[in-house]
Amino acid sequence: MTKEFEGKVAIVTGGGSGIGRATAVQLASLGAAVVIADVHADTANDAVAAIRGAGGHGVAVVGDLSDAAIVDNVVTTTIREFSAIDVLVCNAGIMDDMTAPHEVSDAVWERLIRVNLTAPFMLTRAVVPHMLERGHGSIVYTASEAGLRGSAAGTAYTVSKHGVIGLTKSAAVMYRGHGIRVNAVAPGGVATHLEVSIKSDATGPASVGNYQANVGRVASADEIAAAIVFLASDAASNLSGAILPVDNGWSAI
Ligand SMILES: NC(=O)c1ccc[n+]([C@@H]2O[C@H](COP(=O)([O-])OP(=O)(O)OC[C@H]3O[C@@H](n4cnc5c(N)ncnc54)[C@H](O)[C@@H]3O)[C@@H](O)[C@H]2O)c1
């Protein structure tokens, strides 16, 4: 039986850890050749080894995606290794200090916007011409509950994820009729390194204690990855511009 992503090529950013790693492994198990782009060489290489160990195809590209040269390297490596790009998962991201506007330093602001928003934009800009050439492609962004409202993180992170949702909707409209679908997931709390990095004394509205009181449990990375894989797949062929909350009902409260 043919696997769902057999013959397809996917780029997954932040694929060395958490949601990105789970997504890369799931896509590879469904037949995709996966390029893992991550700033950490050890975890990126480990994820590729896991994919290859299970009989899949994977390659790591290591570097900071806020650097345009690294973005170019991801795309040229993917084309050189696998000749095409069918799926782009822009997932790499970092958390802020859970602070309000008057407490946000220039350094935190600039880093958050650069990594969480500018990098996905640059990657989209670099990948889309390859998708347009072949008349098809699927892009999925990892946004956040913090992209939907103001009470899920600090200001810098919240603004960056609102931007990701704007990018999703704009790109979905721009590429309608060109065979490229663009969607996003908006996870709530997920058990990953990023979630652990939230300081236990964070005063922000989404401090872990508050979150768990409201939602009951954090999600596994695999649960978010399953939603990303669905949006990337042909099963979602009529979905574009959708922002899918994956939060056990948190956004419905
Ligand atoms: N964990 C949560 O509770 C949660 C909730 C909502 C949204 N998200 C989003 O999910 C995405 C994935 O995060 P995660 O929870 O799996 O965290 P994680 O820290 O486990 O994984 C993030 C990955 O991104 C990589 N990365 C970070 N900055 C990078 C850069 N500049 N260049 C290249 N790679 C970089 C890291 O090395 C890491 O492998 C992020 O966009 C995050 O904002 C997470």
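Modeller: One term to begin with: two strands pair if DSSP finds at least two bridges between them. Strands themselves are DSSP runs of E, at least two residues, and helices are runs of H or I, at least four, both numbered from the N terminus. This is a predicted model, where local features need pLDDT of at least 70 and side-chain atom pairs count only at pLDDT 80 or more, while totals for chains, interfaces and linings use all residues. Residues are numbered from 1 along each chain as its sequence is written.

Colleague: How do you know that strand 1 and strand 2 pair?
Modeller: Five bridges join strand 1 to strand 2 (residues 33–38), and the definition asks for at least two. The two strands run parallel, with Ala10 opposite Val34 in strand 2.

Colleague: And what makes strand 4 a partner of strand 1?
Modeller: Three bridges join strand 1 to strand 4 (residues 87–90), again in parallel. Val12 has Val89 as its bridge partner in strand 4.

Colleague: What makes helix 1 mostly covered?
Modeller: By that cut-off, 11 of its 12 residues are buried, among them Arg21 and Gln26.

Definitions and conventions
A residue is buried if 20 or more other C-beta atoms lie within 10 Å of its own, exposed if 12 or fewer, and partly exposed in between; C-beta atoms are placed from the backbone.
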